[in-house]
Amino acid sequence: MPAHSEAQQKAAGAALAARRGEQKVSELDGAARSMYDSMDESELEAMAATSRKDKPKHDNHSS
């Protein structure tokens, strides 16, 4: 599942880093914390790997 915005891609990257032990889980907040709790590593990897080219900073229409 690709990221719909730059912010979503960055949050997935932060959650993935925490899942891998490269960042403390307690440092996550907002979307990154939600993604950490609800997605597995392969899902986070797919979202974090999305290219930022032609992506808006934020996507107000995604659910």
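Trainee: At what angle do helix 1 and helix 3 pack, and how far apart are their axes?

Mentor: Please keep in mind that this is a predicted model. The crossing of helix 1 and helix 3 is left-handed. The two helices, helix 1 and helix 3, pack at an angle of about 140°, and their axes are 8 Å apart.

Trainee: Into which classes do the residues of the contact of helix 1 with helix 3 fall?

Mentor: On the side of helix 1, the contact is made by Gln-8, Gln-9, Ala-12, Gly-13, Ala-15, Leu-16 and Arg-19. Helix 3 contributes Glu-41, Leu-44, Glu-45, Met-47 and Ala-48. By class, the contact of helix 1 with helix 3 has 6 nonpolar, 3 polar and 3 charged residues.

Trainee: Is Gln-9 buried or exposed?

Mentor: Gln-9 is found in helix 1. Leaving aside its neighbours within four places in sequence, Gln-9 is in contact with Ala-3, Met-47, Ala-48, Thr-50 and Arg-52. The cut-off for a buried residue is under 20% relative accessible area. Gln-9 has a relative accessibility of 11%, so Gln-9 counts as buried.

Trainee: Is helix 1 roughly parallel or oblique to helix 2?

Mentor: Helix 1 and helix 2 pack at an angle of about 55°, with their axes 8 Å apart. Angles under 35 degrees count as roughly parallel, and 65 to 115 degrees as roughly perpendicular. The angle of helix 1 to helix 2 therefore makes the pair oblique.

Trainee: What is the handedness of the crossing where helix 1 passes helix 2, and which residues meet there?

Mentor: Helix 1 passes helix 2 in a right-handed crossing. From helix 1, the residues that take part are Gln-8, Ala-11, Ala-12, Ala-14, Ala-15, Ala-18 and Arg-19. They meet Ala-31, Ala-32, Met-35, Tyr-36 and Asp-37 in helix 2. The residues of this contact of helix 1 with helix 2 divide into 9 nonpolar, 1 polar and 2 charged.

Trainee: Why are the buried residues of helix 2 said to be on the same side?

Mentor: In helix 2, which spans residues 30–38, the buried residues are Ala-32, Met-35 and Tyr-36. These residues are on the same side of helix 2 because they cover an arc around the axis of only 100°.

Trainee: Against which helices do the buried residues of helix 2 pack?

Mentor: On the other side of helix 2, Gly-30, Asp-37 and Ser-38 are exposed. The buried residues of helix 2 pack against helix 1 (6–19) and helix 3 (41–48).

Conventions:
Residues are numbered from 1 along each chain as its sequence is written. This is a predicted model: local features need pLDDT of at least 70, side-chain atom pairs count only at pLDDT 80 or more; totals for chains, interfaces and linings use all residues. Side-chain values use heavy atoms; hydrogens and water are left out. Buried means under 20% relative accessible area, exposed over 50%, partly exposed in between (1.4 Å probe, protein chains only). Helices (H or I, at least four residues) and strands (E, at least two) are DSSP runs, numbered from the N terminus. The arc is that of the directions from the helix axis to the C-beta atoms. Contact means heavy atoms within 4.5 Å. Axes are lines fitted to C-alpha atoms, for helices over the stretch in contact, and angles run from 0 to 180 degrees between N-to-C directions. Angles under 35 degrees count as roughly parallel, over 145 as roughly antiparallel, 65 to 115 as roughly perpendicular and the rest as oblique. A crossing is left-handed if the near helix is turned anticlockwise from the far one by less than a right angle, and right-handed if clockwise. Ala, Val, Leu, Ile, Met, Phe, Trp, Tyr, Cys and Pro count as nonpolar, Asp, Glu, Lys and Arg as charged, and the others, Gly among them, as polar.
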